[in-house]
Amino acid sequence: MLSTDSSLQNLQNTGQRYIPQISSLEEPPSPNQELLPLTARVNEDDNLEIGGCELKLLVEQYGSPLYVLDEFTLRTACRQYRDSFATYYSGESQVIYASKAWSCMAVCRIVDSEGIGFDVVSGGELYTTLKAGVSTDKIYFHGNNKSVPELEFAVETGCTIMIDNWLELKTLAEIASKQSEKPVSVMVRLTPGIECHTHEYIRTGHLDSKFGFDPNQLDEVFTYLAGQTSLNCIGLHAHIGSQIFERQPHQDLAEVLVEWLKKAQEYGLPVTTLNVGGGLGIRYTESDDPPSISEWVKAVSDAVESACNRASLPLPKLIAEPGRSLVGTACVTAYTVGSRKEIPEFRTYIAVDGGMSDNPRPITYQSVYRAVIANRMSAPLTEKVTVAGKHCESGDVVIKDASLPTTESGDILVVMDTGAYNYSMASNYNRIGRPAAVVVYEGEANLIIERETYQNLVERDRTPERLVNKEEQEE
Ligand SMILES: Cc1ncc(COP(=O)(O)O)c(C=O)c1O
């Protein structure tokens with residue numbers, strides 16, 4: 001049924017305003033430009049559905065808080081990245097998923113099955129991708145302070161290692177010469193002096209960053225690498241920031257990297273790969289306006305191609321490593337509303353059954369989110385309330401000034417865009433178990449992460465015997 005103008009206007013004052021307006025899932029929009037997953041719809045009972053599953057029923061079955069991952073949205077983002085590079089970049093390309101955004105076996109398997117590679121930053125993330133069956137030629141190991149065991153593990157697997165600093169470079173050269181029969185594949189991480197804040201950026205000669213080599217160390221690094229038979233430097237890498245809405249910083253980055261690629265080749269290094277990092281932003285609120293995945297890929301590809309043409313260089317293999325824009329919009333967190341506190345003429349708090357332990361971004365970065373009441377999607381947004389978490393911390397606020405219908409205890413509050421840096425940053429603060437996660441697809445929901453139990457919370461605790469009283473010891 002076609003909506004009239006006034007019914008559309010009425011919907012604008014309800015949770016329905018966040019439902020993606022999609023004519024066909026055959027040609028989906030860029031997920032990072034939506035607030036809800038692409039399959040979100042409202043059913044006859046006025047309940048939110050994602051991936052054909054009703055959120056209220058999911059909470060009944062799996063409890064709350066619950067991360068709900070929409071497989072279609074994640075796959076769509078993967079395909080848009082992959083296909084856009086194939087369309088806009090004439091050379092070879094590889095998209096790799098910055099798995100720090102959400103590293104778990106099911107996410108790795110979905111992303112891997114779309115032909116996407118992996119950026120890992122710890123032995124744990126590397127282990128997770130390997131357990132998920134990812135082939136090591138698609139794994140790139142980052143980190144500014146990899147331990148010796150982590151480096152040994154990485155060498156053993158045969159993944160590519162992103163060299164961040166001198167200590168690592170020298171340690172790795174030693175490990176590689178002892179442990180590996182063939183040269184270990186490495187890339188050099190550089191700090192290009194392009195610093196991005198969300199809506200502005202600056203370029204400086206040097207940058208105050210804990211990551212990567214400073215540009216004035218290039219000659220020394222390239223000379224050292226050229227003399228190493230145990231290391232094979234295949235390329236250069238830089239990452240300039242996250243949640244970026246402009247295209248210009250990545251275009252500038254492409255130019256700088258191409259200049260440095262030329263320089264590395266002059267040192268005789270077999271560099272044929274450039275990695276421009278991740279950073280494309282997503283829409284968390286109505287006012288966020290990121291470029292689409294394909295617009296971003298086109299801008300980066302064009303910039304690399306024109307810089308290479310100017311420098312008379314053959315096109316390198318081009319890598320991009322998005323995290324947030326692949327998985328961010330694909331997931332929501334469902335909470336159950338509990339207590340309410342009204343402070344007349346000041347503020348009304350409603351509390352949910354999670355908070356900073358399942359989403360530390362608001363308290364850490366003052367990140368702003370939007371939410372809907374999933375069991376009353378067409379109810380007018382009549383109140384402005386602060387959604388508080390349940391942790392013993394005044395700053396544990398999920399959303400300040402959320403526009404919601406009048407909420408009641410037991411309502412299902414769904415916070416959008418929680419796929420990136422939520423589960424992966426979750427903690428057990430206040431000894432609250434981390435939530436379960438389900439993946440939804442065409443009406444089916446499957447558990448991908450179990451909810452942590454009380455027993456899980458104590459199972460790695462150890463009590464020295466002298467702290468156990470006699471009666472207990474005798475039992
Ligand atoms: C080296 C590196 N690559 C990629 C990413 C992913 O960034 P984003 O999630 O903004 O795409 C990050 C995020 O911090 C990063 O540090």
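Which residue in strand 3 does Glu 49 stand opposite?

Reply: Glu 49 faces Glu 54 in strand 3. Before going on, bear in mind that this is a predicted model: local features need pLDDT of at least 70, side-chain atom pairs count only at pLDDT 80 or more, and totals for chains, interfaces and linings use all residues. Residue numbers start from 1 along each chain as its sequence is written.

Now the setting of that pair. Strand 2 covers residues 48-50 and runs antiparallel to strand 3, with two bridges joining them.

Stepping back, the chain is split into domain 1 (27-68 + 336-458) and domain 2 (142-322), with bounds taken from an automatic or database domain assignment. Their C-alpha centres are 36 Å apart. Nine residues of domain 1 touch nine of domain 2, where contact means C-beta atoms, placed from the backbone, within 7 Å. (Ala, Val, Leu, Ile, Met, Phe, Trp, Tyr, Cys and Pro count as nonpolar, Asp, Glu, Lys and Arg as charged, and the others, Gly among them, as polar.)

Further along there's another antiparallel pair: strand 15 (residues 331-343) and strand 16 (residues 347-352), joined by five bridges. Val 337 has Val 352 as its bridge partner in strand 16. The two strands form a hairpin with three residues between them, and Glu 345 in the turn has a positive phi of about 65 degrees. Strand 16 also pairs with strand 18 (residues 383-388), this time parallel, over three bridges; there Ile 350 is partnered by Val 387.

Then there's the barrel: eight strands closing up in the order 5-6-7-8-9-12-13-14, with parallel pairing. Strand 5 (residues 93-98) and strand 6 (residues 117-120) share three bridges, and Tyr 97 is partnered by Phe 118 of strand 6.

Last, the ligand: 16 residues surround it, the closest being Ala 98, Ser 242, Gly 278, Gly 323 and Arg 324. (Near means a C-beta atom, placed from the backbone, within 6 Å.) That shell divides into five nonpolar, eight polar and three charged residues.

Note on methods: Pairing = 2+ DSSP bridges. Helix = DSSP H or I, 4+ residues; strand = E, 2+ residues; numbered from the N terminus. Contact = placed C-beta atoms within 7 Å.
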